Amino acid sequence: MRLTDISRCKSNKIKMKLSGESKFFIAIAVGTLIMVTIGIFLMSRPAPKLTRAELIPASAATLGNNQAATFLVEFSDFQCPACKTFSSLVKEVVEKNKDNLFFSYRHFPLSQHKLAVPAALAAEAAGEQGKFWEMHDYIFANQESLSEEFLLAAADKLGLDKEKYEKAFKEKIYQDKINKDLSDGTKFGVDSTPTFFLNGEKLNLFSPKDLENAVSKAIKNN
Amino acid sequence: MQKKYNRLVFILSLAGIIVAVYVLQSFVRQSSIICVNQGCELVRKSSYSYPFGIPVPAFGLVGYTLLAILTFLRTTSTSKKLLYPILAIAIFGILFVTWFTYMELFVIRAVCTWCAISAVNMYLIFYLTFRMFNETHRHKSV
């Protein structure tokens, strides 16, 4: 008799401790945990690989061998300092692997960079005359002194047909192309610049060196 | 009312834990943070985000976890003493987020969305805790 009394007492005590409110809190915590777990599970599924056609439209500026199995795409902003850092490295990597790599530059002008769109327009206007990469290099080399006047004056520096260039630049003929790059980038999950896609997969780079390593590895495996 | 406030502080603490864990894993793995603006990356890479060498979200994680535990404990006991540590953490919390928001705005010059969410969250927790504290004290004096 006494034993059962004690045990009843004990169980009452435990029941007393875990009040309805405590249970309510535990339920909230467990519910949150379940939701977070589901969220992590859904988000950690690998993103499907993007196809070459999606990433490199026919009109995009490219370098290297277009028959190469390995393709690298950069979403970049002419006014972003990190893009400048990467631009010289990218050129090196492409130059080193020019037979085995196809590279494409796509525009991702960020809204806080007021001259990123004009610079992209200038590069495309120069591209019309086959000098996209010359303009690309020229803009990055002089990133600190970018201005509309600077971009207009670039025509002389690069030996472009000035009239044609100015018309393309001022009438924003390539604005649609830039917008398409921007919306594609957003669709592909670009959230910062530069963002690279190697063989359709977004790269998480911690240092410029990582890019070189990733490209060498991809070429070796192909 | 007390009960309702305590529930809210608990839920907000859980929300704070989630944000802190997400941001902390980015700090530790050095991976990019999904952010509505570009700010999170700039803030993450700033040395000011490591006071005493400890990543900022770690402070948040500890604070929110303690708050969640303490508010839970309040459901198991009627002791009013539990309110003091909750209030102390909330005060430290708002001082911390105010300091960090100031650093973001005027020193790092970039705002991280998650930090802003956490700052608002901490202010809400402080407000609710303050209300709880006030109520208990009113009851005492009556």
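**Group meeting: a predicted two-chain model**

Let me begin in chain B, where B:Arg109 lies in the loop between helix H4 (83–108) and helix H5 (113–141); helices here are DSSP runs of H or I with at least four residues, strands are runs of E with at least two, and both are numbered from the N terminus. What I am showing is a predicted model, in which local features need pLDDT of at least 70 and side-chain atom pairs count only at pLDDT 80 or more, while totals for chains, interfaces and linings use all residues. Residues are numbered from 1 along each chain as its sequence is written, chains are lettered from A and ligands numbered from 1 in the order in which they are written, and side-chain values use heavy atoms, with hydrogens and water left out.

A:Lys172 is partly exposed, at a relative accessible area of 47%.

Now to the sheet of chain A, which is open, has five strands in the order E1-E3-E2-E4-E5, and shows mixed pairing; two strands pair if DSSP finds at least two bridges between them. Its edge strands, each pairing on one side only, are E1 (61–64) and E5 (201–202). Within the sheet of chain A, strand E2 (residues 70–76) and strand E3 (residues 101–107) pair in the parallel sense over seven bridges, and A:Phe75 stands opposite A:Arg106 in E3(A).

Which strands does helix H6 of chain A touch? Helix H6 (residues 132–141) packs on the sheet and touches E1, E2 and E3 of chain A, its direction making about 65° with that of E3(A). Contact here means heavy atoms within 4.5 Å, and the axes are lines fitted to C-alpha atoms, for helices over the stretch in contact, with angles running from 0 to 180 degrees between N-to-C directions. Helix H9 (residues 175–187) of chain A also lies across E1, E2 and E3, running at about 105° to E3(A).

Let me stay with H9(A), in which A:Gln175, A:Lys177, A:Ile178, A:Asp181, A:Asp184 and A:Gly185 are buried, and whose buried residues are covered by elements including helix H3 (52–55), E1, E2, E3 and H5 of chain A. Just after H9(A), A:Gly189 takes a positive phi of about 90°. Further on, in the loop between H9 and strand E4 (195–198) of chain A, we come to A:Pro194, and the peptide bond from A:Thr193 to A:Pro194 is cis, with omega near -10°.

Helix H5 (residues 116–127) of chain A holds A:Glu124, a residue that counts as buried because its relative accessibility is 5%. Setting aside residues up to four places away in sequence, A:Glu124 touches A:His107, A:Phe132, A:Tyr174 and A:Lys177.

Finally, the aromatic side chains, for which rings of Phe, Tyr and Trp (its six-membered ring) pair if their centres lie within 6.5 Å, with planes under 30 degrees apart counted as stacked, over 60 as edge-to-face and the rest as tilted. By this rule there are 24 aromatic pairs over all chains. A:Phe75 and A:Phe108 form an edge-to-face pair, 6.3 Å centre to centre with 85° between the planes. Because A:Phe75 lies in strand E2 and A:Phe108 in the loop between E3 and H5 of chain A, this pair ties together parts that are 33 residues apart in sequence; A:Phe75 and A:Phe108 are both buried.

In chain B, the ring centres of B:Phe126 and B:Phe130 are 6.0 Å apart and their planes stand at 25°, so that pair is stacked. B:Phe126 and B:Phe130 are four residues apart in helix H5 of chain B, and therefore separated by about one helical turn.

I close where the chains meet: the charged end of B:Arg7 sits over the ring of A:Phe24, 4.0 Å from its centre, the criterion being that NZ of Lys or CZ of Arg is within 6 Å of the ring centre and within 35 degrees of the ring normal.

Note on methods:
Buried means under 20% relative accessible area, exposed over 50%, partly exposed in between (1.4 Å probe, protein chains only).
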